[in-house]
Every structure is written in structure tokens, then in C-alpha cells.
Amino acid sequence: YRLNKSVMATKALPRIDPGRLRVVEFYAGIGGYHYALEQTLGDRAHVVAAIDINTKAIEFYRHNFPSTPHFNRNICGVTSTWLDALLPDIFVLSPPCQPFTRQGLKGDSSDHRTDSFFHLMELMLQMAHLPKYLMVENVEGFQNSRTRNRFTEILEQLGFAYQEFLLSPVQFGIPNSRLRYYLLAKIKPSKFTLQLGEQPLRDPALLFTVTGVFTPSVISENGGRRLVEHTESECEGRRVWQTESEGRRVGQTESEGECMLAQQAENEDMLVQSNQTESNNTQLETSTQHTTGVVAHLRPNPLSHYLCAVSEADLPKFLVPAKLLAKCAMALDIVTPWSTQCCCFTKAYAHYSVGTGSVLYEGGPPGELDEAYRAFLAGRSLGKEEERVQDCLVPLKLRYFTPREVANLMCFPPKTFSFPPSASQQQCYRVLGNSLNITVVAALLKYLFYGAE
């Protein structure tokens, strides 16, 4: 799968526009970085090359960005000469995460899936025209890897200042848990506005203050439907079945809901006060110190803001099968349109049901879900599992989130992002599971460029 030099030569290099920042998008996937750059820089961002070895991902990328030069090749075939010819200003990349995941073998640098990243590191040491800015995204755990250590050594050797982050969309008002590692770097003498410690920043409060990124992102037109606004008291009364580490299920009581909402409100008040205080200053001192004790959140929107209307004709495609309910009913993470959080969606969503993402209950009265599960559990002593599933759980019409809904939660814009007509439902889930949250990345990019001319 090496990238043939002659193939690279057949792709005309983009014309240089001095008013735009030239971006090379490695491990481009379906273009998450591209959308985040557009959101941050607008027309000033010019992606001059997007590279990914995944044929299906490049098909999605090409569908949404047909004019962007894209290369369906292994990064190990790229040369420093070719990169220099692009005159890049920005590198953005999401290297393969499998060597660092909790569920994986944690092979780290010994896993061959890191080869392309190490090759890119070597290319940077050879380049005559290094980018001014750089951003990396990966899974939690990458921060403790040998791969990360080698990469930061190279950054320091090349004269980059860098900062690291561990952030989730929930902290930005988006009801989806997706904790990810991020690294931002800029070539010296450029400096970051905030002075952070050695550990990754887990609290975005200062980012909100510096960049002005404060309003949570809500998808509501075309891609999603905004249901009737729900008051806090209505949300408190909802009972959501969730999975604990032991695999048991618990219902969230009203008092627990009150505590959660009160804590979210307290965090939000703290952020508002911080924002108001700093807005009186024209500039934050570069010596601002960060305290790592508190993880700040904006209060997440309910999931209803991100859901789409599913027709009766399409509903069967998304229903959780009865056979799977019989096997995994007690391990599913079930949420409702009023929930303010759902689990991380992985590339195996709807293929494997446990630990790959939440399922949705859009049924009637709030207590119906509880009653159905109690009836299902009460009949355990009687056996007849299939009958109990059919009588108690199938009528709930538990369903998977649609690919468009997953895209909404990852903040892909409904007006400019769509799925290729030839893509299957499972292919859509797979490429989304490998992508990133655009709102979080855009906020970090805004901080990366903050203060730049």
C-alpha cells in the first residue's frame, strides 16, 4: 500500500494563495477536521491535501469535498519533498487509535498501525518548510504512550511549543460522552495565551474565557428536529435506565436528577462569572496558571435537539432485534429524548450492542420503561425468555440512533455534510465512529490560532 511517487506527481499541487492558511489533513477520514477548520477560519482555511488509506472514508470525503485534493494512500509513501512543495501552514491528524485503546492490546509503538505516524515524525525532521501550527487527536490513554513521548521529543527538537488536553463534548454542552486526547502545537517564538501544567488540561473553562466559545452547539435545522422545549422539572422526572460497570441497570430518581442539574447549573454559573470577569480585560496575561482540580461543564442540551423524525417505513431498520434483547437486555445503555448524555458511538455501533453506544427509547409515559423491565425481570423464575422479550421489551420499540443523528451529536453540519447514496447503514456508523467531534476541535483550533496575525 505504499504511496507511489508517480501517483503523487499526477495530482497537481494547489496554487498558493498568500491570504489563506494551507492545511494538510492526515488520516483525513470523512473530513471532521475540514469542517472544524471551516468553522474556525472560514475561507482562510485551504486544505491542500487530504490523505487516508481507508477507501470508504475517502469516498465520504470526496462526496462532501469534491474539489479538495485527496489521496487514498498509505502515509508511509509520502516524502518530505512532496510535503515541502505544499508549503503547509497547518498539519492536522488523528493517527490510528487501536494501539492505545483500553479494549485493545495496547501495543503502543510496537503495533504496526503506528508505523505511518512514526514515518510522519521522521518526515518532519527532514522538512525544510515546517508548518506553523499542528493538531493531533486520539483516544484517552495516548497521553501515557511511548508514541506520544517520541512525538513530543520531536516537537521540542524542532522548536514547537505544545499543550495537551483531555476533553469531552459533554463539557461543551453536547449530550455525548466522547473523551479524547488533543495536542496543539505552534512553532516558536509563538506562544500560547494560557500557561498550563505538564498534565493534559481537563477543564475547558479557561478556553471558553479566552476564545469566547461558550454557546453550546445545537443541530436543529434540516439535520435534526427541535422538540418542545422541556423545563428542568420535566427533565428531573424522567427515569433513564443506564448500565453500571457490573452490568446491572439502575433508574435515575428525581432527587438524583435534581442533584445532577444543580451541579450543572453551578458549573455553568461559574463559567459565566469567569467569562464576565475576564471580558473586562483586553487580554489575558500569558502567566495565567491552570488548576486541574475542577472539570467544568456547560449544561448539555437534551438529546431531542439532535434527533430526526424516523418514518414508520424506516423504523424497522433501526429497531434493536428481539434476539439481541433476549441476549443483552440488561447491558444496553438506554436513553430518552430528554436525557442529557449518551455513550460514545464506536465504529461497531449496531453491529455489537454492548459498549458501542446508547439506544433510544421514545415511548409513552415516563414509567413505561421501568414497568416493562420490572415485568421482564419478574418473570425470570418462569423461564420462557423469548416470550418475555416479546411481551415486555419488544413493544418498547428500542432503536439505534440513525447515522444522521450520530452525525448531529458529532456536530457535522446538516446543510453541508451528507452520506454518499451508495453507503450502507453500517458503513456510515463505521466512518462516524472513527471521526471526531467538530465543535470540540473547532474550539481548540480557535485557541490554537488565538492571538495570531
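**View 1. Helices α11 and α12 pack against each other in this predicted model.** The axes of helix α11 (residues 368-378) and helix α12 (residues 385-393) come within 9 Å and cross at roughly 165°, where axes are lines fitted to C-alpha atoms, for helices over the stretch in contact, and angles run from 0 to 180 degrees between N-to-C directions. Helix α11 is therefore roughly antiparallel to α12, a term used for angles over 145 degrees, while angles under 35 count as roughly parallel, 65 to 115 as roughly perpendicular and the rest as oblique. The crossing of the two helices is right-handed, meaning that the near helix is turned clockwise from the far one by less than a right angle. On the α11 side the contact is made by A372, Y373, A375, F376 and L377, and on the α12 side by E385, R388, V389, C392 and L393, with contact meaning heavy atoms within 4.5 Å. By class, eight of these residues are nonpolar, none is polar and two are charged; Ala, Val, Leu, Ile, Met, Phe, Trp, Tyr, Cys and Pro count as nonpolar, Asp, Glu, Lys and Arg as charged, and the others, Gly among them, as polar. Helices are DSSP runs (H or I, at least four residues), numbered from the N terminus.

**View 2. S435 sits in the loop between α14 (425-433) and α15 (438-449).** S435 is buried, with a relative accessible area of 8%, where buried means under 20%, exposed over 50% and partly exposed in between (1.4 Å probe, protein chains only). Leaving aside residues up to four places away in sequence, S435 touches I30, G32, E137, R178, M410 and F412.

**View 3. H119 lies in helix α5 (residues 115-126).** H119 is partly exposed, with a relative accessible area of 22%. Residues up to four places away in sequence not being counted, H119 touches I75, C76 and V78. The C-alpha atoms of H119 and I75 are separated by 7.7 Å, although these residues are 44 apart along the chain.

View 4. pLDDT is the predictor's confidence in each residue, from 0 to 100, and the protein averages 79, with 74% of the residues scoring at least 70. Over residues 214-294 the pLDDT stays under 50, and the model has 147 contacts beyond four places in sequence for them. Where pLDDT is low, the predicted coordinates should not be read in detail.

**Notes.** Residues are numbered from 1 along each chain as its sequence is written, and side-chain values use heavy atoms, with hydrogens and water left out. In this predicted model local features need pLDDT of at least 70 and side-chain atom pairs count only at pLDDT 80 or more, whereas totals for chains, interfaces and linings use all residues.
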